[in-house]
Amino acid sequence: MGASPTISKPAPSLDFDTSIFKKEKANLAGHKEFTVRGGRDLFCLLSDAFKGIKQIGVLG
């Protein structure tokens with residue numbers, strides 16, 4: 001039997017929108033990834049960040 005051909009998919013976008021937190025961009029293995037650095041100083045922003053959210057799921 002022969003090897004099956006490899007089908008490469010484009011990497012998923014790791015970008016997101018935020019108007020509340022400061023978004024940082026990192027270049028990992030040639031791909032852009034965006035993160036938000038956490039900290040206790042950001043607790044005051046959580047009520048605005050969760051405004052309109054009805055349910056949160058946790059995996060893991």
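Colleague: In which segment is isoleucine 53 found, and is this residue buried or exposed, or something in between?

Modeller: In this predicted model, isoleucine 53 belongs to the segment after α1 (46-49). Its relative accessible area is 47%, so it is classed as partly exposed, given that the exposed class begins over 50%.

Colleague: Which residues make the nonpolar surface patch?

Modeller: Isoleucine 53 is one of them, together with Phe43, Leu46, Phe50, Ile56 and Val58, and the patch covers about 610 Å².

Colleague: Over which rings does lysine 23 sit?

Modeller: The charged end of lysine 23 sits over the ring of phenylalanine 16, at 5.5 Å from the centre of that ring, and lysine 23 also lies over the face of phenylalanine 34, where the distance to the ring centre is 4.6 Å.

Colleague: What is the phi of alanine 29, and where does this residue lie?

Modeller: Phi of alanine 29 is near 50°, which is a positive value in a residue other than glycine. Alanine 29 lies in the loop between β1 (23-28) and β2, and with a relative accessible area of 76% it is exposed.

Colleague: What does the confidence say about reading such details?

Modeller: Where pLDDT is low, the predicted coordinates should not be read in detail. For this protein the mean pLDDT is 87, with 95% of the residues at 70 or more.

How values were computed: Residues numbered from 1 in each chain as written. Predicted model: local features only at pLDDT ≥ 70, side-chain atom pairs only at ≥ 80, totals over all residues. Heavy atoms only, no water. Lys NZ or Arg CZ within 6 Å of the ring centre and 35° of its normal. Patch = residues over 30% accessible without salt bridge, like charges linked within 9 Å, V, L, I, M, F, W, Y side chains within 5 Å. Areas by Shrake-Rupley, 256 points an atom, 1.4 Å probe, with all protein chains shown as cover. Salt bridge = Lys/Arg side-chain N within 4 Å of Asp/Glu carboxyl O. Helix = DSSP H or I, 4+ residues; strand = E, 2+ residues; numbered from the N terminus. Buried < 20%, exposed > 50% of the residue type's maximum accessible area, 1.4 Å probe, protein only. pLDDT = per-residue confidence, 0-100.
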